[in-house]
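Trainee: I would like a close look at a single part of this protein. Please take the sheet.

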Amino acid sequence: MKNVDLKIAVLRKSRGFTQQELADRLGVSFQTVSKWENRVTMPDITMLPALAELFEVSVDELLGLKPLAEEAYLSRGTAEADYWEERADWLLRARKDFWNEDYLEFLIKKVWKLTEPVSVLDCGCGCGAFGLAALPFLPKGSAYTGIDLSEKLLEIGKQLFGRAGLEGKFVKGDVFTYPVRRTYDLVVCQCVLRHVNDAEGFLERMARRAKPGGLVVCIEVDRELECGGLYVEGMDYGKLCSHEGLKKLWACEKRKEGRDWAAAIRAAHRMKRLGLKEIGVRLNDRVHFACPETESPAQNGPEQDGNTQSVFVPGGHAQQVRDFMEISGWKKQADEFLVQDERIARFFEENRDTVSFTRLQGALITFGRKEK
């Protein structure tokens with residue numbers, strides 16, 4: 001039985017069942033389902049055919065003796081409001097240290113040359129992080145509007161603006177379908193394109209909302225740079241940069257959902273196809289270095305969300321990523337992913353008072369102007 005690796009949890013999630021719903025279908029308690037999924041107990045042998053039939057898999061696939069068919073695809077749902085609402089605390093921490101203020105000021109005043117008051121539309125604004133960072137450097141009289149699917153994140157944004165003494169308008173809506181009632185001088189998105197299922201379509205709708213001569217800006221983290229951008233003193237840098245399993249995950253998401261892991265590096269080419277002019281690309285200069293002499297790496301390091309892969313995976317839900325890989329038949333890569341995640345977390349815990357790290361987020365800033 002040592003080769004048995006029950007797939008009940010990933011199959012249940014891929015079908016959208018709760019533990020209680022699965023229990024009701026099988027005539028058992030939800031505690032029984034929980035014990036199966038946590039490998040506390042095994043289902044009775046007479047229950048296996050019923051489980052296999054319900055999930056439309058073979059008993060061998062159910063037991064993990066044979067890879068699951070790729071048709072049992074489990075979406076991580078990053079294009080949905082619920083996904084980000086569950087990660088609101090992580091989102092606030094991640095965006096807090098996204099910019100070096102002097103560099104953002106340089107972009108606004110020297111690169112984009114925004115010298116007169118501008119109207120800003122922040123697409124997929126979340127908690128309004130870009131507005132909070134940029135408004136102090138934009139010309140006095142500039143107006144900010146943020147649009148997002150999540151009412152919860154918008155409410156947090158309103159509160160943060162109020163505390164900062166800033167004014168802004170927050171609109172609940174889908175950028176893909178929200179009607180274009182007016183146009184703006186600056187249309188921006190920050191860390192959005194790589195999470196939606198149609199990056200080019202999203203960018204096209206951003207361009208529609210720009211005034212003639214207006215600026216369209218995409219600020220996106222490049223996944224390859226991000227994964228190669230973590231160094232922890234005392235650990236093997238080569239192993240830290242290894243992410244073959246994630247590459248398979250990204251390729252599958254692109255094929256199944258259209259979600260583009262390379263949205264950052266492709267943004268300039270997409271702007272060109274949309275007819276934008278004066279296209280430019282910059283690299284955000286933010287690099288986070290932490291050591292005991294400057295701040296507590298144990299509190300501010302990549303393990304802050306309970307899983308070190310929070311550096312690479314929004315919300316730090318390493319187990320969810322492992323489930324995704326497993327259900328696509330990549331058990332070896334899934335195991336490697338989880339082992340690496342646990343190894344880094346353990347290193348930070350064991351060296352809480354002495355550990356130091358450097359993290360490059362690898363954010364590309366791509367911009368272009370709409371023709372007059």
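Which residue in β4 is the bridge partner of leucine 121?

Mentor: The bridge partner of leucine 121 is valine 187, in β4. First, the ground rules. The model is predicted: local features need pLDDT of at least 70, side-chain atom pairs count only at pLDDT 80 or more, and totals for chains, interfaces and linings use all residues. Residues are numbered from 1 along each chain as its sequence is written, and side-chain values use heavy atoms, with hydrogens and water left out.

Now the strands. β1 (residues 119-123) and β4 (residues 184-190) run parallel, joined by three bridges. Strands are DSSP runs (E, at least two residues) and helices likewise (H or I, at least four), numbered from the N terminus. Two strands pair if DSSP finds at least two bridges between them.

The open sheet has seven strands, ordered β3-β2-β1-β4-β5-β10-β7. Its pairing is mixed. β3 (169-172) and β7 (277-283) stand at the edges. Each has a single partner strand, so one side of each is left without a neighbour in the sheet. On average, neighbouring strands are turned by 15° against each other, direction ignored.

A helix packs on this sheet: α10, which touches β2 and β3. Contact means heavy atoms within 4.5 Å. The direction of α10 makes about 175° with that of β3. Axes are lines fitted to C-alpha atoms, for helices over the stretch in contact; angles run from 0 to 180 degrees between N-to-C directions.
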